[in-house]
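Hi,

Here is the structure we talked about handing over. Please have a look, then read the notes below.

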Amino acid sequence: MDLDFAQLRTFATVLDEGTFEGAAAVLRVTPSAVSQRIKSLEQHVGQVLLRRTRPVSATAAGEVVMRLARQVARLEQDTSEELGLGADTGSYATIPLVVNADSMSTWMLRALARMPVRYRALFELHREDEFHSTDLLRDGTVMAAVTSVPEPVQGCTSEKLGAMRYHAMASVDFAERWFPEGMAPTELREAPMLTFDRKDDMQDRFVRKRTRRRLDPPRNYVPGALEFVEAARLGLGWAMLPDAMVTDTTDLVSLAPDDPIAVPLYWQRWRLDSPVLDALTDAVRRTAREVLH
């Protein structure tokens, strides 16, 4: 299939900007020119690629084309750099990534800072639960992901980075009030629990592992990694906290020190011969080796 690069670039820009008008402003063409390019691309592949909503969204076929558009753009930029065509223009390579909140708060930024400056890399970070992050790889939004899904998304490679280990923890006062005799089913049903968001089932997994039951305790939702730990310190509930985020345990106590949960993490990236992605993969791999189990 012979696809036009300008049409692919326009298609990706429309999805990035959310409207035909926004894409037209970025590409410095008229909205009608953008519309014509999208119609020509859809006619060429024989399928509708965009839902004309506000913002626009990709259809299932559009997600496939979006991945191709991103990969072509990445290859174009890599080729330009290797030929020295972009060396004096001040151009940067922007790499969209999806990372779970705990990795972003503990080690991922350190990995990004290790990128050699010659790549002039910028990063667009998306935060998503580690069990759902591959959705953004699949639809072409990102080039790489830190995920707990080992099976590679189509067109991607997958390698294990290690595991992040979580312990059930709470403030000293909270533990004394709610778990004076330990984490029995009755107490786990009644004690307030912290949950990151509605996709977060880490605490529920621990409860099922501990009790062999499905309980529904009262819970506070705290969608921020550092705020999540602070909520536990302040006694708003008990939570599963990663080792790497709890370096000072003077005001927190482990409720089940012999019963952690280890969450494996994988690095999935496009199967693409790209010097920038190769360098990023090396930085992620080295940093994860220092932090993860």
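**Surface and overall build**

The protein exposes about 14,600 Å², and carbon and sulfur atoms supply 50% of it. These areas come from the Shrake-Rupley method with a 1.4 Å probe, and for residues only the protein chains shown count as cover.

The model is predicted: local features need pLDDT of at least 70, side-chain atom pairs count only at pLDDT 80 or more, and totals for chains, interfaces and linings use all residues. Residues are numbered from 1 along each chain as its sequence is written, and side-chain values use heavy atoms, with hydrogens and water left out.

The C-alpha atoms fill a box of roughly 70 × 40 × 30 Å along the principal axes. The protein has 11 helices and 11 strands. Both are DSSP runs numbered from the N terminus (helices: H or I, at least four residues; strands: E, at least two). Of the 293 residues, 48% count as buried. Buried means under 20% relative accessible area, exposed over 50%, partly exposed in between (1.4 Å probe, protein chains only).

Take the contacts with a separation of 6 or more: residues 24 or more positions apart account for 75% of them. A contact here means heavy atoms within 4.5 Å.

**Charges**

There are 36 positive and 42 negative charges, and their mean positions are 3 Å apart. Lys and Arg count as positive, Asp and Glu as negative; His and the chain ends are not counted. Each charge is placed at NZ of Lys, CZ of Arg, CG of Asp or CD of Glu.

**Aromatic rings**

The whole structure holds 4 aromatic pairs. One of them, Phe174 with Trp178, is tilted, at 6.1 Å centre to centre and 35 degrees between the planes. Rings of Phe, Tyr and Trp (its six-membered ring) pair if their centres lie within 6.5 Å; planes under 30 degrees apart are stacked, over 60 edge-to-face, the rest tilted. Both residues lie in helix H7 (residues 172-178), 4 residues apart, about one turn of the helix. Phe174 is buried, at 5% relative accessible area. Phe174, Trp178 and Phe179 form one aromatic cluster.

Arg198 lies over the face of Tyr221, 4.4 Å from the ring centre. The criterion is NZ of Lys or CZ of Arg within 6 Å of the ring centre and within 35 degrees of the ring normal.

**Pro242**

Pro242 is in strand E9 (residues 239-242). Pro242 is buried, at 2% relative accessible area. Leaving out residues up to four places away in sequence, Pro242 touches Asp102, Met164, Arg165 and Tyr166. His167 is 75 residues from Pro242 in sequence, yet 6.5 Å away C-alpha to C-alpha.

Best regards
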